[in-house]
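Thank you all for coming.

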Amino acid sequence: MPTGFEISIFSATSKAVILRWTRFSGAASYKITVAPRSSENNPVAFASFGPNTVMGSVNSLSPNIVYVYTVEALGDSQETLSSTSIISSTAPDAIDPIQTVKPKDSRTLMVEFNLGTGATHYVIRVQNTDGFHREDVVFSSPAQIKDLTPYTEYKLSILAVNSAGRSQPSLPVTGKTVLPSPQFSASSPSNDSIVVSWVPVAHAVQYSLSVYKLASITNMKHNTTSTNLTISGLDAGSTYTIRGHAWDPEGRQGEASLYINQTTRPPTPSSINVSMVWNNGEAGLSVSWELDQADHGPVEYHVMSDQNLTCYTTSSSCVLSAVGCGEVHTVRVTASNEAGPSYPSSPVVFITFPCPPESLALVESSEENCTLTWNTVPHADSYVAFIKKGDGSEESCNTTSNRCTYRCQCGYTYLMAVLAFNQAGSSPEGEALNSTTVPCCPEGVSVSTVSTDTLEITWTASRGAELYETRAADSSEVILCNDTAPVCALSDLDCDSSYSVVVTPCNEISGCNRACEAHTKDTAPCMPMNLMLNLKNSSCVSVSWTADNGAATYTVSAEGDDGTLTCTSSGSSCDITDLTCGSTYEVSVIATGAAGQSLPSYSDSIETEPCCPVNLTVRQVTQAMTNVSWSHAKGAHSFVTSLTSPRGHARCHTQDSHCLMGCITCGTNYIVTMEAFSHSGRASNCTYRGFSSSGCCPSGVRLYGMTSNSMRVYWRSGGSSHGAVVEMVGSGSGNYTCSASPGENSCDIENIQCGDVFHVVVAPLTPEGGKVLFCPQRLYSVTCSGSNVGTVIYRGKRSLG
C-alpha cells in the first residue's frame with residue numbers, strides 16, 4: 001500500500017471532531033470511519049468527502065470518549081488506495097454553571113463550581129458591562145479571579161477542558177467586586193491627639209476606623225462620612241494602630257486598609273534644673289529634668305537657650321556650651337519623638353559666672369602703701385583681690401567695693417589679680433596687673449680708672465633694678481652708660497678732669513630712683529701733643545711737646561734696635577743722648593699724674609747717620625780695573641766709593657757691598673774714600689788707607705835670537721820703579737824665565753830649544769815681589785838653523801784674562 005498519507009485532529013468538541021489529512025494522488029474520494037477504541041470493530045459514525053477535500057468533520061459523538069478515527073483514500077471504483085488512523089478523545093461535556101461568586105477584596109472574586117468528568121482543567125470567562133473579556137485557567141474549586149476593577153460587576157461562565165479540547169461554556173452568573181481600601185495617613189498635632197486623613201474612595205458613602213493602643217486591649221471605633229478624623233483623649237507618647245474600610249451604597253463593606261501606626265507626641269518635660277559645668281576649660285550649662293516613667297518609645301530632648309545655644313539628648317540631661325561670663329540665659333526643654341515635639345517646658349532664667357574685672361590700676365597713696373582699683377562687673381556680688389609679692393609671699397582681701405589697699409615696698413614686683421563672684425561661681429582669671437616699685441639704690445659703689453679716658457664703676461646689685469644708668473659729669477659734659485649688669489665702663493671722658501659719678505637703678509615699669517648718692521673721681525692726664533724732634537748731633541736729639549695738664553711729669557722714650565733711651569721733665573722738653581750710628585728711634589712722651597698715666601703721645605721717628613764699613617779692600621783685577629769690597633755698615637743703604645789721584649779718579653755708586661771700578665791708571669797712588677747713605681738720605685763720610693795700582697805691563701816686546709841657543713827678550717819701559725819678570729812656556733819643550741831690575745828693559749834666556757812655539761809674558765813685579773797676573777801673552781815660533789836658534793816669528797797676542 002502506498003505511503004505518505006497522514007491524518008491529524010484539527011479540533012474537537014464534546015460531540016464533534018474535525019479531521020485534517022494530506023491529499024493522496026489518484027484518490028476519487030475520502031471516507032472517515034469512527035469507532036470507540038474499546039470496540040474498534042463497531043463503527044459509530046461515517047462521513048465521505050470529494051477528492052479535493054482535505055478536512056472534514058464527524059458529528060453525533062459522545063462526550064469524553066476515546067475514538068479511533070480512520071481516513072481511507074478511495075479510487076474511482078471505491079477501492080481503497082490508502083488508509084491511515086489516529087486515536088483521540090472528544091472534549092468533556094458542558095458542566096453546571098458556577099455555584100457561588102463572592103468578593104475577596106476590591107480586585108478579587110472567589111468562585112465555586114462543580115467539577116466535570118474527564119476535565120484536566122477549567123477556563124473561566126470574565127466579562128464586564130463594557131465588553132471587557134478575558135479567560136482565566138483554573139484547576140480546582142474554589143478559585144480566585146484576580147486583577148479585577150474595584151466596585152465593578154462581572155459575568156462569569158466556565159468551560160471544562162481536556163487534551164482533546166473544551167466543552168461548551170456554562171450559563172453565566174453575575175458577581176461584583178467591593179470598594180478599595182482607604183489610604184490612611186496620620187499625624188499627631190499634640191501629645192493627646194491623632195489626626196487621620198485619606199483620599200476619598202469613589203462610590204463610598206461612609207468610612208469606619210478602628211484604633212488600638214499598642215500593648216493594650218482597648219479598641220476605639222469611629223464612623224464618619226468625612227475624609228479626616230481627629231481622635232482626642234489619647235495618652236502622650238503612646239503608639240496607636242489604625243485600620244479602616246469604606247462602605248458602598250449597597251451596604252457592603254469594602255476592602256480593609258493596611259494597619260498604620262501613629263505615636264502621639266511626648267509629654268512636656270518638667271522640673272527643669274540648670275547649673276554650671278566645666279569641660280576641658282570650657283564653661284557650659286548643665287540642664288536636667290525629670291523623666292516620665294512610662295514607656296514612650298524613643299524620645300529626643302531639645303534644650304534651647306535664648307542666647308542661640310542648643311543641645312540634643314535622649315537622656316535626662318544635656319550641656320549647653322560654650323557659655324561666657326555675665327550672660328543671662330532663658331532655658332526651655334522640648335521632648336520630640338517620631339510624631340513631633342512636645343510643648344516647651346516652663347522657662348528657667350540662669351545667670352552665668354561674672355566676667356573678670358577690668359581696668360586694674362595702682363595708686364600709691366602714701367609711702368609703702370598702695371591702692372588697687374578696678375571697674376565694677378555686672379551680676380557680681382563680691383570681689384577678692386590677690387596681691388603676690390616678688391619674694392613669694394601673698395595676701396588677699398575680700399570686698400564688695402572696687403578697691404583694696406595693701407603695703408608695698410621698694411624694689412619688689414607685685415602681681416595683682418581680682419576675681420568677681422556670684423551664685424554661679426567665680427569669674428575666670430582676667431587681666432593681671434604687674435607693678436614694680438622703684439628699685440633700691442645700689443650699695444658698695446666703687447669707681448676706678450682702667451684707662452686714660454675710662455672709669456670702671458662696680459656695685460652690688462640692688463633689689464628691683466632691671467637696668468642701671470651710670471652718669472658721670474664734669475664741668476663741661478655728661479656721659480651716660482646704661483647696662484643690666486652691676487658694672488659699667490664710662491669711656492671717652494675728658495682727660496685731667498674731675499667727675500661726679502652717680503649709679504641710678506631703673507626698671508621698665510616704675511622708672512628710675514633718682515635719690516642715690518654721687519661719687520667723685522679724677523681722670524688721667526691728657527696725652528702730650530705736637531711732638532717735635534731736633535737732632536743736635538749724631539748722638540743727641542732734643543724732644544719738645546705741648547700738653548694741657550694741671551700737674552704732671554713727662555717721660556720721653558726713644559726705642560731703638562739696641563734698647564730704649566729715656567729722659568724726664570716737668571716742662572715741655574728734654575734731650576736724649578748716647579744715640580748710636582745707623583739706628584732708627586721711635587720717640588714718644590707719656591704724662592704721669594696722681595690719677596695715673598696718659599696715653600703715649602703719637603710717636604715720631606728719627607734716624608742717625610749710618611755707620612762706616614770697618615773694613616774696605618781694593619783688589620786690582622786688570623791693568624785698568626779694580627774690585628772694591630767692604631764689610632757690613634749698620635744703617636747704610638747705599639754707598640759711593642771713590643779712588644782719587646792727580647792722574648785721575650774713579651767712582652762707583654751701589655747698594656751692594658762691592659763694586660768694580662774702571663779707568664785705573666797703572667803705577668799710580670790713589671786716595672780711597674766712601675760716602676755711606678741711610679734710607680732717608682743721611683750720609684757718613686768714610687776715609688781709608690791709600691791704594692797703589694800695579695806697574696804698567698811692558699809694550700813693544702821683541703825676541704831676538706843669540707848665539708849658543710840663547711834669546712834676548714826686549715820691551716819698552718815706561719820708567720817704572722818696578723822690576724820685571726819674563727816667562728816663556730814652550731808647547732813641547734820646558735818653561736823658561738828671566739828677570740830685570742827696575743829701570744832695565746831686557747833680559748836673556750839661555751838654552752832655548754828651537755823648533756817650538758812659545759807663550760811669552762812680560763809682567764812687572766809688585767812691591768811685595770809678586771808678578772802682575774793680567775799682562776797679555778804673546779805667541780812666537782822659534783825655528784832652528786842647524787842646531788842653533790834660527791828665525792823668530794811673531795804669531796800674535798793672547799790675553800790672560
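**Notes on a predicted model**

Let me begin with glycine 596, which sits in strand S52, the run covering residues 596-597. Please keep in mind throughout that what you see is a predicted model. Glycine 596 counts as partly exposed, because its relative accessibility is 24%, and that class lies between the limit of under 20% for buried and the limit of over 50% for exposed.

Next comes valine 349, which belongs to strand S29, residues 348-351. With a relative accessibility of 57%, valine 349 is classed as exposed, because the cut-off for that class is over 50%. Together with Val328 and Ile351, Val349 makes a nonpolar surface patch of about 230 Å².

That brings me to the largest pocket, whose volume comes to about 520 Å³. Its lining consists of 25 residues, and those closest to the pocket centre are Val618, Gln620, Phe691, Ser692 and Ser693. Which strands each supply at least two residues of this lining? They are S54 (616-622), S59 (669-677) and S60 (683-692), and S54 gives the largest share, with six residues.

Conventions. Residues are numbered from 1 along each chain as its sequence is written. This is a predicted model: local features need pLDDT of at least 70, side-chain atom pairs count only at pLDDT 80 or more; totals for chains, interfaces and linings use all residues. Side-chain values use heavy atoms; hydrogens and water are left out. On a 1 Å grid over the protein atoms alone, a cavity is a set of points where a 1.4 Å probe fits but cannot get out, and a pocket is an open set with protein on both sides within 12 Å along at least five of seven lines; lining residues have an atom within 4 Å of a point. Grid points are joined across faces, edges and corners, and a volume is the space filled by probe spheres set on the points. Helices (H or I, at least four residues) and strands (E, at least two) are DSSP runs, numbered from the N terminus. Patches are made of residues with over 30% relative accessible area and no salt bridge: like charges are joined within 9 Å, nonpolar side chains (Val, Leu, Ile, Met, Phe, Trp, Tyr) within 5 Å. Accessible areas come from the Shrake-Rupley method with a 1.4 Å probe; for residues, only the protein chains shown count as cover. A salt bridge is a side-chain nitrogen of Lys or Arg within 4 Å of a carboxyl oxygen of Asp or Glu. Buried means under 20% relative accessible area, exposed over 50%, partly exposed in between (1.4 Å probe, protein chains only).
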